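Welcome, and please take a moment to turn the model around before reading on. The paragraphs below are meant to be read with the structure in view.

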Amino acid sequence: LMTNLVMKYDNVSLVGEHGAILTTTTVFTNTNTVPTLWIARSNCRVSGIEFRYSGWVSASLASMLSIGAPSGAFGQGSPISIGYSELYTGASSGVYNTYRGVQLQVIRGVTIEKVKILGAIMHGIAFSNTVGTRIIDCDIEQFRGTGIFGHITAKCEISGNRLSSSKDDGIYLQNPSGHLGGVWTPLMQADIAQCSIINNTISRVGAKGIGATAINGLVIAKNVINETRAQTIAAWDEVGEGCPSPTNVLITGNTCTECFGSYGAAADGYAYSTALTTGPYWAVDISGTNGFDVSANVIRYTTKGRDSSHRGIVGYKNVSNGTISSNTVIGFARNNVASETVAGAANVSVSGNVFECSADVFTRLLGIGAGCSNILVSSNVFSSSANSAASAAAVYAGLNSGSYISGNVFSLPGTLVAYGNDSPVTYFLKNGNYKNGVAI
């Protein structure tokens, strides 16, 4: 039985052999404010260890979910916590605090690899005020919070991990700008850069599959994500937490299935009253992002129901200077380059995608927001069996939007029209498009 283990020196390794297991008590309380292992210094490594509660069985998850969230120090109730959220004794004091007998600092170069976590009262692995953290080839199951949670983090690598069965997100990197620049940490906004989330498998999560904010040079690639209650991938601005959008984002080669699936409802031991969440939510959400490439992703809506608030891609506001290309988006009656009612998208190319939905519901396979400028929609395939409705169309443009629609193929066996727009002023130029094999 192991609790309250602290790595308080640089260059320490904890390496397990032959299935080494660290266990903690099975009594779940929201006053459990310390992690099993706290890494408080740089260049440390943990490998080949399994963390679990003594006597843990799968049924323990429902019992754990029924209590409130822990409160107290950062990383509370997590099997592994790296660093600390607020380094100073007070906001902008510049004086480093001491926690559990260790003076706080920015933690650099920690590696967590081949670790197994079964059951976590809060996050599986939490890290804060870190640079160069690597979390590789880990298995994290049945956690109350987020599987891998980073807070104020730069140059991290999260790759090859397998996460399942959570109440919150699979992986989330949160970077509140109000903490930076000497307020609670010496790290600056310019430091929050170059993070990659690659080749992870995430399933059955009660919120987002992967989320990230405020990182310049974010890569989310080749992940397999199944059955998320909220967004499958969100590289966005989390306004409520003071986190700006990331910039220069690459989201590519991800496979996202059962988006907005019903996991996380009462049948799974959660307190949500509805089987499907209500939004509006986008499966891949890049709201507020400047500089992006969303390409070669497969995005499939849930087969377990339908809610009109759900969209496939790419967000509701202020996206600019990017490309959306070669994606396959299946089952979503609505997708957006910004919302039809929120201005701001500019300089966006939407090309070579497949948008397909067989449901006969209100449909805008691609909505172009009001006041958008320089939106190029080219060489896409739009397929829907929906019928005509007021303000519905395969491609629909809001007021005063500037867009060029060229070389697209529309397969619309119902009565849905190819183009629609809000009157009176929309700069909606069309050339070389085909509907059901006929030039339009």
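Predicted model: local features only at pLDDT ≥ 70, side-chain atom pairs only at ≥ 80, totals over all residues.

Residues are numbered from 1 along each chain as its sequence is written, and side-chain values use heavy atoms, with hydrogens and water left out.

Let us begin with the whole protein. Its secondary structure comes to one helix and 46 strands; helices (H or I, at least four residues) and strands (E, at least two) are DSSP runs, numbered from the N terminus. The C-alpha trace spans about 70 × 45 × 35 Å along its principal axes. The radius of gyration, taken over C-alpha atoms, is compared with a globule rule of 2.2 Å times the number of residues to the power 0.38. For 440 residues a compact globule would come near 22 Å, and the protein has 23 Å, which agrees.

How much of the protein is buried? Buried residues make up 57% of the 440 residues, where buried means under 20% relative accessible area, exposed means over 50%, and partly exposed lies in between (1.4 Å probe, protein chains only). The protein exposes about 15,700 Å², and carbon and sulfur atoms supply 51% of that area. Accessible areas come from the Shrake-Rupley method with a 1.4 Å probe, and for residues only the protein chains shown count as cover. Contacts (heavy atoms within 4.5 Å) also tell a story: among those between residues at least 6 apart in sequence, 73% join residues at least 24 apart.

Now look at the charged pairs. Side chains of opposite charge can pair when their charged atoms come close. A salt bridge here is a side-chain nitrogen of Lys or Arg within 4 Å of a carboxyl oxygen of Asp or Glu, and the structure holds nine of them. One of these joins Asp137 and Lys114 at 3.6 Å, N to O. Asp137 lies in the loop between strand S14 (134–136) and strand S15 (139–143), and Lys114 in the loop between strand S11 (111–113) and strand S12 (116–120), so this pair ties together parts that are 23 residues apart in sequence. Asp137 counts as partly exposed because its relative accessibility is 26%.

Another salt bridge links Asp139 and Arg162 at 2.7 Å, N to O. Asp139 sits in strand S15 and Arg162 in strand S18 (residues 162–166), so the two parts tied together are 23 residues apart in sequence. Both partners are partly exposed, Asp139 at 21% relative accessibility and Arg162 at 32%.

Lys304 and Glu227 also meet in a salt bridge, at 2.7 Å, N to O. Since Lys304 lies in the loop between strand S30 (298–301) and strand S31 (310–314), and Glu227 in strand S24 (residues 224–228), the pair ties together parts that are 77 residues apart in sequence. Lys304 is partly exposed with a relative accessible area of 45%, whereas Glu227 is buried at 6%. Salt bridges that share partners join Lys114, Asp137, Asp139 and Arg162 into one network.

Aromatic rings come next. A pair of aromatic rings is described by the distance of the centres and the angle of the planes. Rings of Phe, Tyr and Trp (its six-membered ring) pair if their centres lie within 6.5 Å; planes under 30 degrees apart count as stacked, over 60 as edge-to-face and the rest as tilted. By this rule there are eleven aromatic pairs. Phe260 and Tyr301 have ring centres 6.4 Å apart and planes at 65 degrees, so they are edge-to-face. Phe260 lies in the loop between S27 and S28 and Tyr301 in strand S30, so the pair ties together parts that are 41 residues apart in sequence. Phe260 and Tyr301 are both buried.

Compare Phe355 and Phe382: their centres are 5.3 Å apart and their planes at 10 degrees, so this pair is stacked. Phe355 is buried, with a relative accessible area of 0%, and Phe382 counts as buried at 0% as well. Finally, Phe260, Tyr281, Tyr301 and Phe332 form one aromatic cluster.
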